[in-house]
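Dear colleague,

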Amino acid sequence: GRETDLEEKFNEIGKQLEHLLEGLGQERLARELLDERKAKEVEVMGKQVELDLSQFKKAREQADKSLEQRIAQLSEEIAAERYLRIQSEEKFGVKLGDQVALLVEQVKTERNRNDKLCESISSLEKGLEHMKDIVEQEKKSKQDLEVHVVQMMEDLCSRLQHELLNEKKDREAMEETLLKLIEETCSRVVSNLS
């Protein structure tokens with residue numbers, strides 16, 4: 001009678017509760033697996049960021065060294081040009097001051113471009129450092145890490161490639177102009193000496 005009905009209701013409620021607890025356990029297990037996978041992805045991405053930053057710094061050091069060597073070479077060329085000018089003016093009274101001044105101005109321009117490139121590289125380094133901070137924050141929250149980091153890496157790499165390409169073009173154009181000026185000046189000196 002009534003006790004049987006109550007017992008059936010309790011049994012039904014017990015089954016429903018058991019089913020809910022089972023579902024909750026599965027949900028918790030799925031969340032733990034997801035969190036573990038995200039944590040591994042964050043760790044891999046963090047290591048990739050550190051590797052990219054290290055490679056970027058090496059590339060910058062090589063670029064700086066190459067640019068310093070070029071500036072040193074230009075300085076030597078200017079010194080040689082100044083010596084030729086003095087010798088020529090003493091013997092023939094030839095005025096090469098304008099050409100030398102132009103070469104000096106070209107070197108100043110080259111240095112200014114180097115400063116701008118260093119500023120751009122510094123800005124990109126700050127961007128990478130900022131991105132590393134964001135990676136650490138995302139590592140704690142485990143939400144939307146992959147899309148955000150990949151997009152930032154693509155943007156930064158694109159900016160770096162663009163900056164380096166423009167600098168390479170400008171430097172090649174500058175070197176060509178300086179070489180032409182030096183050749184013209186040397187030709188004039190040779191003509192005056194002969």
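Please keep in mind throughout that this is a predicted model. Its largest nonpolar core is made up of 13 residues, and within that core the residues with the most contacts are F56, L124, L128, M131 and L156. Two or more residues are given to this core by each of α1, α2 (97–141) and α3 (145–193), with α2 giving the most, namely six residues. Apart from this core lies another one, of eight residues, which includes L74, I78, V107 and I182.

The largest pocket holds about 180 Å³ of space, and its lining consists of D52, F56, L124, L128, M153, L156, C157, L160 and Q161. The elements that give two or more residues to this lining are α1, α2 and α3, and the largest share, five residues, comes from α3. Sorted by class, the lining has seven nonpolar residues, one polar residue and one charged residue.

Is R70 buried or exposed? Its relative accessible area is 10%, and because buried means under 20%, R70 counts as buried. Leaving aside neighbours within four places in sequence, R70 is in contact with E77, E175 and L178.

With best wishes

Technical notes:
Residues numbered from 1 in each chain as written. Predicted model: local features only at pLDDT ≥ 70, side-chain atom pairs only at ≥ 80, totals over all residues. Heavy atoms only, no water. Buried < 20%, exposed > 50% of the residue type's maximum accessible area, 1.4 Å probe, protein only. Contact = heavy atoms within 4.5 Å. Core = buried A, V, L, I, M, F, W, Y, C linked by side-chain atoms within 4.5 Å. Helix = DSSP H or I, 4+ residues; strand = E, 2+ residues; numbered from the N terminus. 1 Å grid on protein atoms, 1.4 Å probe; cavity = no way out; pocket = protein on both sides within 12 Å on 5 of 7 lines; lining within 4 Å. Points joined across faces, edges and corners; volume = space filled by probe spheres on them. Nonpolar A, V, L, I, M, F, W, Y, C, P; charged D, E, K, R; others polar.
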